[in-house]
Amino acid sequence: ILLRRLHKGHVGATLEKLNLPRHHWLKEVEQAPEKSTVRRMKDRYFRELGKVHGELQSLFGEEERSAIKERTQEEREKLATAQEQRELNNEALRAYRMLRPEAAP
């Protein structure tokens, strides 16, 4: 068991000069004797997660990876066209509001 002595330096001397009441159990405090169980559980979880991640990466060959990348590129193109359409709609609404400020949006 590791013990840590508190208030042995300047702070302790100042407290003694002031004659403040101090608890005797504050003189020595036990340090944590071992790693936290939560820390061990977290480390174990991340190790398992890393293994599963590696196993999932090894499932796909080059053909599967290229097929997945192509699909994501097509989806990106669809998202880009949808975003462009939204921008065009916003611009049209802005122009309409400038031409007819009294109209409801």
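I started at Phe60, which sits in the loop between helix 2 and helix 3. This is a predicted model. I looked up how open Phe60 is: its relative accessible area is 40%, so I logged Phe60 as partly exposed.

**Confidence**

I checked pLDDT before going on. The chain averages 78. I noted that 74% of the residues score at least 70. Where is confidence lowest, and where highest? Strand 1, residues 3-5, is lowest, at a mean of 57. Helix 2 is highest, at 89.

**Salt bridges**

I then turned to charged pairs. Side chains of opposite charge can pair when their charged atoms come close. How many salt bridges does the model hold? I count three.

*Arg39 and Asp43.* I read 3.6 Å from N to O for this salt bridge. Where do the partners sit in the fold? Both are in helix 2, residues 37-59. They are four residues apart, so about one helical turn separates Arg39 from Asp43. Arg39 has 45% relative accessibility and counts as partly exposed. Asp43 has 24% and is also partly exposed. The cut-off for buried is under 20%, so Asp43 does not count as buried.

*Glu91 and Arg94.* Here the closest N and O atoms are 3.9 Å apart. The salt-bridge limit is within 4 Å, so this pair counts. Both residues lie in helix 3, residues 62-99. The spacing is three residues, about one turn of the helix. Is Glu91 buried or exposed? Glu91 is exposed, at 52% relative accessibility. Arg94 is at 48%, and I logged Arg94 as partly exposed.

Glu102 is exposed, with 61% relative accessibility. Arg100 has a relative accessible area of 42%, so I put Arg100 down as partly exposed.

**Recap**

My list of salt bridges has three entries.

Terms used:
Residues numbered from 1 in each chain as written. Predicted model: local features only at pLDDT ≥ 70, side-chain atom pairs only at ≥ 80, totals over all residues. Heavy atoms only, no water. Salt bridge = Lys/Arg side-chain N within 4 Å of Asp/Glu carboxyl O. Helix = DSSP H or I, 4+ residues; strand = E, 2+ residues; numbered from the N terminus. Buried < 20%, exposed > 50% of the residue type's maximum accessible area, 1.4 Å probe, protein only. pLDDT = per-residue confidence, 0-100.
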